[in-house]
Amino acid sequence: MLYVLYVEGLVLKFRYVVVDFSVCHGKPVFKGTRILVSDVLELLAAGKSVEEILEEYPKLSEEMIKEALMFASMVLRRGGHAIKTSTR
């Protein structure tokens, strides 16, 4: 199954941020990991640099972290929730 974000009538698919209800109780994670997007956002809010986060989570990239910020921005600005779609 593919999970996407539904925001105000738009269906948004992110490259790195995914929501899979069988992983981490459906919380947003980075694709192919169990690293919660919220954990990375909290580290940024606490003052950690992107470089420090990448050292702590070597499976991530700077591009992934930037996408997490965009994801959070879209959810906060417009509200949104994940929906299940077919894999086609």
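A search of the whole structure finds one aromatic pair, where rings of Phe, Tyr and Trp (its six-membered ring) pair if their centres lie within 6.5 Å, and planes under 30 degrees apart count as stacked, over 60 as edge-to-face and the rest as tilted. The partners are Phe-14 and Phe-71; their ring centres lie 5.3 Å apart and their planes meet at 75°, so the arrangement is edge-to-face. The pair links distant parts of the chain, 57 residues apart: Phe-14 lies in the loop between strand E2 (10-12) and strand E3 (17-18), and Phe-71 belongs to helix H3. Phe-14 is buried, at a relative accessible area of 14%, and Phe-71 is buried as well, at 9%; buried means under 20% relative accessible area, exposed over 50% and partly exposed in between (1.4 Å probe, protein chains only).

The model is predicted: local features need pLDDT of at least 70, side-chain atom pairs count only at pLDDT 80 or more, and totals for chains, interfaces and linings use all residues. Residues are numbered from 1 along each chain as its sequence is written, and side-chain values use heavy atoms, with hydrogens and water left out.

The protein chain has three helices and five strands, running β-β-β-β-α-α-α-β from the N terminus. Helices (H or I, at least four residues) and strands (E, at least two) are DSSP runs, numbered from the N terminus. Of the 88 residues in the protein chain, 34% are buried. Contact means heavy atoms within 4.5 Å; among contacts between residues at least 6 apart in sequence, 50% join residues at least 24 apart.

The largest nonpolar core holds 17 residues, of which Val-17, Phe-30, Val-40, Ile-53 and Leu-60 touch the most other members. Such a core is a set of buried Ala, Val, Leu, Ile, Met, Phe, Trp, Tyr and Cys residues joined through side-chain atoms within 4.5 Å. Helices H1 (37-45) and H3 are the elements that give two or more residues to this core, and H3 supplies the largest share, five residues. Beyond its neighbours within four places in sequence, Phe-30 contacts residues including Val-17, Val-40, Leu-60 and Met-64. Ile-53, in helix H2 (residues 50-56), is buried at 0% relative accessibility. The C-alpha atoms of Ile-53 and Val-40 are separated by 7.4 Å, although the two residues are 13 apart along the chain.

The structure also holds three salt bridges, each a side-chain nitrogen of Lys or Arg within 4 Å of a carboxyl oxygen of Asp or Glu. One joins Glu-63 and Arg-15 (3.5 Å, N to O). This pair again links distant parts of the chain, Glu-63 in helix H3 and Arg-15 in the loop between E2 and E3, 48 residues apart. Glu-63 is partly exposed at 44% relative accessibility, whereas Arg-15 is exposed at 57%. Another joins Glu-56 and Lys-48 (3.4 Å, N to O). Lys-66 and Glu-62 form a salt bridge at 3.6 Å between the closest N and O atoms; because they are four residues apart in helix H3, about one helical turn separates them.

Glu-67, also found in helix H3 (residues 62-78), is buried yet has no salt bridge, and Arg-15, the nearest side chain of opposite charge, is 6.5 Å away. The Glu-67 side chain instead reaches the backbone nitrogen of Tyr-16 at 2.6 Å. Not counting residues up to four places away in sequence, Glu-67 touches Phe-14, Arg-15, Tyr-16 and Val-17.

Technical notes
Lys and Arg count as positive and Asp and Glu as negative; His and the chain ends are not counted. A polar contact is a pair of N or O atoms within 3.5 Å; within protein, one must be able to donate a hydrogen and the other to accept it, and residues adjacent in sequence count only if both atoms are side-chain atoms.
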